[in-house]
Amino acid sequence: MLEISEIHSFYGKAHILGGLSFSVARGEVVALLGRNGAGKSTTMKSVMQLLPPRSGSVTFEGHELVGLPAYRVAKAGIGYVPEDRRVFSDLTVLENLEVGRQPQREGAPHWTVEQLFELFPNLAERRHNRGKHMSGGEQQMLTIARTLMGNPALLLLDEPSEGIAPVIVEQMARSILRLKAEGLTVLISEQNLHFARAVADRAIILESGRKTFDGSFEALEKQPEIRDAYLSL
Amino acid sequence: MAFYLALFLTGLANAAALFLVASGLSLIFGVTRIVNFAHGSLYMLGAFIGVTLMQVLPGAVGFWGAILLTGLAVGVIGALVEIVVLRRIYRAPELFQLVATFGVILVIQDLALMIWGAEDRLGPRAPGLRGVWRIFGEPVPKYDIVLIAITPVILLALWYLITRTRLGILVRAATQDREMVGALGVNQAWLFTGVFALGSALAGWGGALQLPKGGADLLMDFNIIGTVFVVVVIGGMGSLPGAFIAAVLISVLNAFGVAFLPQSTLVLMFVVMAAVLIVRPYGLLGREEVAGEHGQVGAPESPIRPYGPRGIVLTAFLLALLASLPGFAEPFVLTLVIDIVVFALFAASLHFILGTGGMVSFGHAAFFGGGAYAAALLVFHTDTPMELAFLFAPLAAGLLALAIGWFCIRLSGVYFAMLTLAFSQLVWSLAFQWRSLTRGDDGLINIWPADWLNGPLPYYYFTLILGVGGILTLRHIIHSPFGYALRAGRDSPRQAEAMGIDVKRVQLVAFALAGMMAGLAGGLFVFSKGSVFPTELEIAKSFDALIVVFLGGVKTLAGGVVGASFLTSVEHWLTRLEYWRLLLGLVIIAVVILMPEGIVGTLRRQALRLRRADEEAPR
């Protein structure tokens with residue numbers, strides 16, 4: 001479904017991704033693991049074209065994304081949940097959801113506001129509250145719900161467990177499994193190996209913008225040296 | 001009592017057009033972050049188009065239909081401006097777009113002149129609303145009452161649009177984080193065009209609605225833009241209710257000002273604005289601006305370096321050329337070079353706070369004109385010797401900058417820019433309305449240099465030495481520890497504070513220094529022309545300097561100087577033509593689109609590319 005090959009991405013002169021390639025198949029939940037600065041968020045932004053790669057290709061269902069504006073990528077069926085949440089703080093929960101609303105898409109689960117409130121019950125209670133008056137966990141749920149309003153076929157989740165209370169992290173994990181059950185494909189970046197293992201089918205480990213591991217969590221278990229070298233536990 | 005009520009109602013009626021124009025400006029700024037200087041031009045177009053349509057369409061239906069159509073027409077024009085010009089430069093450095101909007105002002109001015117001619121048009125009376133109604137015995141024009149009734153309806157309609165519709169929600173979301181809105185699948189380009197069209201339409205309606213109370217003329221654009229900025233800033237950038245309250249406040253104040261203190265109307269408005277901003281730095285209902293909240297747009301800035309040997313040789317050659325110029329050039333060339341040097345020093349002083357300090361001032365003319373007036377006033381009223389009066393120009397401008405800077409540096413970004421604009425307008429209105437001191441727009445004349453400097457040749461060298469000296473001094477300061485501290489404060493104020501730099505203090509000193517240098521340029525100017533008029537303090541003068549700095553390149557040291565030479569020369573050649581504003585505007589827009597890093601920045605990039613190609617070729 002998503003095919004990334006040999007992408008090089010830069011922040012100004014800083015070379016962040018050095019020829020990264022991997023793919024995500026339909027229905028899969030893939031975890032992108034690695035330390036701070038390994039290039040996880042940059043990978044997400046490079047797919048989304050918020051930071052277009054200088055070279056290489058990103059295809060989604062066979063269509064090239066590199067060079068498209070971000071809104072076209074979103075319209076193609078990729079939903080992006082940024083790491084720093086970026087909730088519209090002056091807008092209410094309902095208004096935040098409205099910004100994300102897009103028409104129904106074939107081959108992707110369709111979401112209504114009520115279904116999303118069922119998935120994230122905390123949001124239902126706070127539907128008229130403004131984004132800025134919500135806790136970190138609630139904001140995280142709101143960004144995911146906002147992105148789901150676009151009925152994406154592929155969800156990019158950038159560090160959803162970061163800076164959130166453990167209780168909420170657990171709830172988040174359940175929600176992600178639920179999304180998977182609905183047929184959504186998910187690429188999730190994580191530092192929390194435990195969380196990643198709970199939700200994902202496959203792990204990809206990044207280090208300095210390169211892939212150092214790509215395989216199942218069982219395979220990762222058998223190579224503790226990789227796990228210890230590239231992940232901070 | 002009834003008299004006061006009538007004044008109050010007049011103020012309320014005047015608020016209608018002002019609110020429309022201001023809400024459009026505020027809306028556009030909120031979403032696109034473009035400070036649209038051309039907004040006054042759209043208002044003017046609204047007035048002209050309105051007059052024309054009202055002549056064609058008959059009766060009351062025709063009158064109101066004409067107003068409606070005018071707004072739509074101006075909205076289309078605004079959309080065209082956005083698509084043709086602004087869309088290409090959203091990624092350019094912050095506030096670069098305002099140069100483009102200034103180009104648009106010039107183009108619209110000449111187009112209006114071509115289409116409607118130079119004569120002022122009187123607005124037609126509204127059919128059926130010609131007379132007055134008596135309220136407690138005082139006559140109040142019927143049309144005023146209608147306007148007073150319409151304004152809240154417009155506010156309500158806009159409020160509904162912004163708070164209750166999907167478009168409004170997208171607009172508010174984009175005001176906060178437009179990149180995220182794009183990532184959620186919304187085509188920003190069309191959202192921007194839509195908002196720009198709506199904002200323009202509001203300006204157009206403002207222009208058409210005021211017709212029965214005023215008319216249409218070619219000075220409307222600049223006349224309203226200052227007031228509109230004041231309203232938007234007092235209300236808070238991006239706040240519609242704020243714009244409404246401020247429009248009413250300013251209009252009512254104006255109505256009372258005209259009745260009781262006719263000499264102070266212009267000053268009054270800016271005094272109120274300064275007072276509001278000192279108490280509430282982000283306006284009555286505005287929110288704090290957080291610059292670069294979601295990452296910087298574009299590549300990080302490369303540090304500026306002192307010139308290498310080639311640069312020094314080139315500069316020395318240029319200086320030698322200028323010094324030997326009187327040997328072979330015609331006298332008019334000397335006059336042109338004097339103008340260029342004066343303007344270059346003025347621009348370099350603005351570049352110093354803008355490029356190096358990151359403080360975008362919209363009111364730098366206050367110090368140029370302030371210096372010029374300081375010297376001229378001394379000569380005119382007390383016959384002070386020229387040498388002494390000349391020294392007073394940079395001194396007075398520096399002190400003025402210190403005082404104005406003290407208020408302004410508390411703010412940053414657009415609010416800083418607006419407050420500097422307000423203060424410069426304050427200075428301008430003093431020069432314009434304090435006739436007993438400044439002779440108003442008759443200006444101060446017969447301000448000639450001392451005998452030993454009188455004559456083109458001595459004054460040429462006098463200007464060359466002081467002007468070039470001033471520019472080199474500024475350059476030197478940029479490379480001094482003070483310059484480093486200033487740049488540190490620009491790039492990362494918190495980091496700089498943590499390192500022990502008193503950022504605000506450094507900025508204040510830099511602001512005063514820039515004011516002093518602008519004053520020096522003003523001093524050179526007044527004795528070269530022999531006179532000074534309030535035009536030297538006008539918004540247009542400040543904009544000239546801004547344009548020059550942006551055209552030359554904000555991120556380069558030579559930017560201001562090159563831009564000034566470019567603009568002065570181009571103006572010199574173009575002003576012979578009838579429609580020179582149109583051509584100049586097109587030239588400016590072309591430079592902005594083709595050279596988004598400014599002339600020097602783009603040339604340097606080309607040179608760098610060539611050099612790289614050279615280095616790679618032998619392999």
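Let me start where the chains meet: 23 residues of chain A are in contact with 19 residues of chain B, contact being C-beta atoms, placed from the backbone, within 7 Å. On the chain A side, α2 (70–76), α3 (93–100) and α6 (136–148) each supply at least two of the touching residues. By class, that side of chain A divides into eleven nonpolar, six polar and six charged residues. Here Ala, Val, Leu, Ile, Met, Phe, Trp, Tyr, Cys and Pro count as nonpolar, Asp, Glu, Lys and Arg as charged, and the others, Gly among them, as polar.

A word on what you are looking at. This is a predicted model, in which local features need pLDDT of at least 70 and side-chain atom pairs count only at pLDDT 80 or more, while totals for chains, interfaces and linings use all residues. Residues are numbered from 1 along each chain as its sequence is written, and chains are lettered from A and ligands numbered from 1 in the order in which they are written.

Chain A next. Chain A has ten helices and ten strands; these are DSSP runs, H or I of at least four residues for helices and E of at least two for strands, numbered from the N terminus. Its C-alpha atoms fill a box of roughly 45 × 35 × 35 Å along the principal axes. Of its 233 residues, 46% count as buried, which is to say that 20 or more other C-beta atoms lie within 10 Å of their own; exposed is 12 or fewer, and partly exposed is in between.

One residue of chain A as an example: Arg202(A) sits in strand β9 (residues 202–207). Is Arg202(A) buried or partly exposed? Arg202(A) counts as partly exposed, because it has 18 C-beta neighbours inside 10 Å. Beyond its neighbours within four places in sequence, Arg202(A) is in contact with Glu28(A), Val30(A), Gly215(A) and Ser216(A).

On to chain B. Chain B contains 24 helices and six strands. Its radius of gyration is 25 Å, close to the 25 Å that the globule rule gives for 619 residues, so chain B is as compact as a globular protein of that length. That radius is taken over C-alpha atoms, and the rule is 2.2 Å times the number of residues to the power 0.38. Buried residues make up 53% of chain B.

The domain assignment, automatic or from a database, gives chain B domain 1 (2–216) and domain 2 (309–609). Their C-alpha centres lie 33 Å apart. How many residues of domain 1 of chain B are in contact with domain 2 of chain B? There are 21, meeting 19 residues of domain 2. The domain 1 side has 17 nonpolar, two polar and two charged residues.

Last, the core. A nonpolar core is a set of buried Ala, Val, Leu, Ile, Met, Phe, Trp, Tyr and Cys residues joined through C-beta atoms within 7 Å. The largest one has 283 residues, and those with the most contacts inside it include Leu156(A), Val21(B) and Ala247(B). Helix α1 (residues 2–32) of chain B gives the most to this core, with 17 residues. Both domain 1 and domain 2 of chain B contribute at least three residues each. Ala247(B), leaving aside neighbours within four places in sequence, is in contact with Ala15(B), Leu18(B), Phe19(B), Ala22(B) and Val231(B).

Notes
Two residues are in contact if their C-beta atoms, placed from the backbone, lie within 7 Å.
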